[in-house]
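Open the model in your viewer and get ready to select. This tour goes stop by stop.

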Amino acid sequence: MRAWLQAPKTGQIWLERRVAQHPTLWRWLLAGPLALVLALFAMAGLPNVLPAGAGGVNHLVFPVVLFPLLWASFVVWPVAAIRIGRVASVYITLFVIFLALILWAILA
Amino acid sequence: MNAASHATKRLVALHGWSATLLAFLLYVVMLTGTIVVLDSEITGWSEGRADTAPVFGTRTGQLVDRFAAQVPPELHDTVFVGRGSNGTLSLFFAAPKAHPDGGRQLFGRGYLVNPNTGVLQKARVGYVSDIFGDRPERALSHFLVDLHVHLHVPGRWGLYLTGLLGVTMLVAAITGVLIHKHILRDLFTTERPGARLVSFRDRHTLAGVWSLPFAVLLSFTGAFLSFAISLGLPVVALVAFGGDQDLAIASVLGEQVDIDATPTPMSDLTLILADAETRAGGTLTAAQIHDYGTAGATVRTFHSQADGALSGTTLEYSAATGAFLKAPEIVGSAPSAGSTIAALMAPLHFGNFAGWWSRIIWVGLGGAMTYTIVSGMQLWLRRREDDATWRYGAHALSIVAWGLPIAIALTAHAFLVTQLASDPIHWTPRAFVYSCLALIGYGLATRTRPRDQITRQLGLTLGTLLLLLPVMRLQTGGLSWGEALLWGGDDVLVLDGTCLALGLFCLTALRRTPTHSPATSPAE
């Protein structure tokens, strides 16, 4: 409990410290379900911010083309990374951004 | 052990497990993918005809008009014109209709007509999948393509599964790059003797490193092709088009939504097709008319690759005036980076962009990738051979690795025999299932036998079946080699030659193999 209250010593944010306590569990979560969810959310959210281009389809085609690459990359990174807490921070940030883009598109 | 070593250890585990969990399915997709690179050649070989006389001629427009006058006007929504069985002209008049399996599909009337005399040879009513699936000479190639594309799993689930396999392969390829610190040196690895664990690793490394760029390319393009329609389109439609998939498709394809439906006589289709063939530079393979009989009707013509082109050409004409409108992009309303990338996916996956040369390279590298999967599994199982459960895994690998090509060869034999009874569409998939069941039974009956003996028996069976395949084709009315030489039946010569070479290789390699050595048993 004390560790939770301590100020970050090496620039680690709260989430990174929390994740570092159960690294194996977090690697499974990040490389497994969260990797798929992030890739799906990226495919659904990116059409709202990418430029449509001359043919009017770039914003629709690129997320679909990138989907397999993003999914594979989201699987490999948590496994290869040494600081799993940083990966978790990035994933959760991306999750929030993509979710916001999707909600924005649906509500608009 | 420091943090970097732990990371490498985790990557090695991910590399192994990613392929192991779906190894058998991955092997099925890779082996069938290697074979269906020669899809059109297999169709030509199956058809046993060198007669490639064009079906589009001076009477095409007249025949379309004649049959259009006989069908209900609502079936003028979409008209397909193409090559049918036995050199006939295929006409299909259709409109979208709810399909019993879900979704909407074109439903209408299909006709097979003699292109020169105009005599009707066959008429059918049904969905587009039933009408175009009714091609007995394509039963074998369609079966193999279906097995590769969705493993015969119905609906979208098959595409999800093969998409997942593509991503799995991509993960294995990326982790393979990360764990190999000396990739350039590994390109020239020589196998260490003695059939030891390191010898297996050397073989796996050599095949894997050489096929690595190809593995990334094929798994990426394959996953895209599986997911694009099954998952990408619904997701994009849900978010960007309020769930309207038809509108999403129309937007992605750059189709015009509002059509001028004023009844108008059609321009001469024969002249349009002749102009299209000159303009495209490639052979006309099919045409599609939208909203036949209206002022807004369009004709899309589809052509094979022109010299130097990566893929085929599509042209669009006004069916009412006969004027050339545009060369539509594969997606979008104008040339763009998105349409260029989308257009590159299929040729890069199928390897059909440079004739025989690209196909031969794709078959070779596909074979190397298939071997990488099998050798990777061998390596995985050799490391765990002290465990009884994994020993059964090794036995199962032998049965699957040899059994799949045997089942495919038996299916090809069954296809040739049932073609005589004009029922290969019904029997070809069943022959595969029965062959698989027989091989599973063999695997269960031989689970205590030495693997060398099983490998030898299965290898000799495969070699014999491959050697007999050209004989069976000739005995069931196929084109002779002399006729093929005279009339340009390259498909027959190449595939017969390949079957004979592979059959002889299996027989001679396994005859020379000492029974005590596991080093040359490919499926061990």
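How many helices and strands does the secondary structure of chain A come to? Select chain A and count: five helices and zero strands. Keep in mind that this is a predicted model.

**Stop 1: chain A**

Colour chain A by secondary structure. Along the sequence, the pattern reads α-α-α-α-α. The chain has 108 residues, and 39% of them are buried. Now look at contacts in chain A with a separation of 6 or more. Of these, 74% join residues 24 or more positions apart.

**Stop 2: the sheet in chain B**

Find the open sheet of eight strands. Step across it in the order 4-3-2-1-5-6-7-8. The pairing is antiparallel. Which strands stand at the edges? Select strand 4 (120–127) and strand 8 (324–326) of chain B. Each has a single partner strand, so one side of each is left without a neighbour in the sheet. Direction ignored, neighbouring strands of this sheet are turned by 25° against each other on average.

**Stop 3**

Pick B:E316. Its bridge partner in strand 8 of chain B is B:K326.

**Stop 4: helices on the sheet**

Select helix 4 (residues 60–68) of chain B. Helix 4 lies across strand 1 (78–83), strand 2 (89–98) and strand 3 (104–113) of chain B. It runs at about 40° to strand 2 of chain B.

Next, select helix 12 (residues 269–280) of chain B. Helix 12 packs on the sheet too. It touches strand 5 (284–290), strand 6 (298–303), strand 7 and strand 8 of chain B. The direction of helix 12 makes about 145° with that of strand 7 of chain B.

**Stop 5: a helix pair**

Select helix 10 (residues 212–240) and helix 13 (residues 337–350) of chain B. Their axes are 9 Å apart, and the helices pack at an angle of about 125°. That angle makes helix 10 of chain B oblique to helix 13 of chain B. The crossing is left-handed.

Which residues make the contact? From helix 10 of chain B, show B:L217, B:L218, B:T221, B:G222, B:F224 and B:L225. From helix 13 of chain B, show B:M345, B:L348 and B:H349. Colour these residues by type: six are nonpolar, three are polar and none is charged.

Note on methods. Residues numbered from 1 in each chain as written. Chains lettered and ligands numbered in written order. Predicted model: local features only at pLDDT ≥ 70, side-chain atom pairs only at ≥ 80, totals over all residues. Axes fitted to C-alpha atoms, helices over the stretch in contact; angles between N-to-C directions. Helix = DSSP H or I, 4+ residues; strand = E, 2+ residues; numbered from the N terminus. Parallel < 35°, antiparallel > 145°, perpendicular 65-115°, else oblique. Left-handed = near helix turned anticlockwise from the far one by under 90°. Contact = placed C-beta atoms within 7 Å. Nonpolar A, V, L, I, M, F, W, Y, C, P; charged D, E, K, R; others polar. Buried ≥ 20, exposed ≤ 12 C-beta atoms within 10 Å, placed from the backbone. Pairing = 2+ DSSP bridges.
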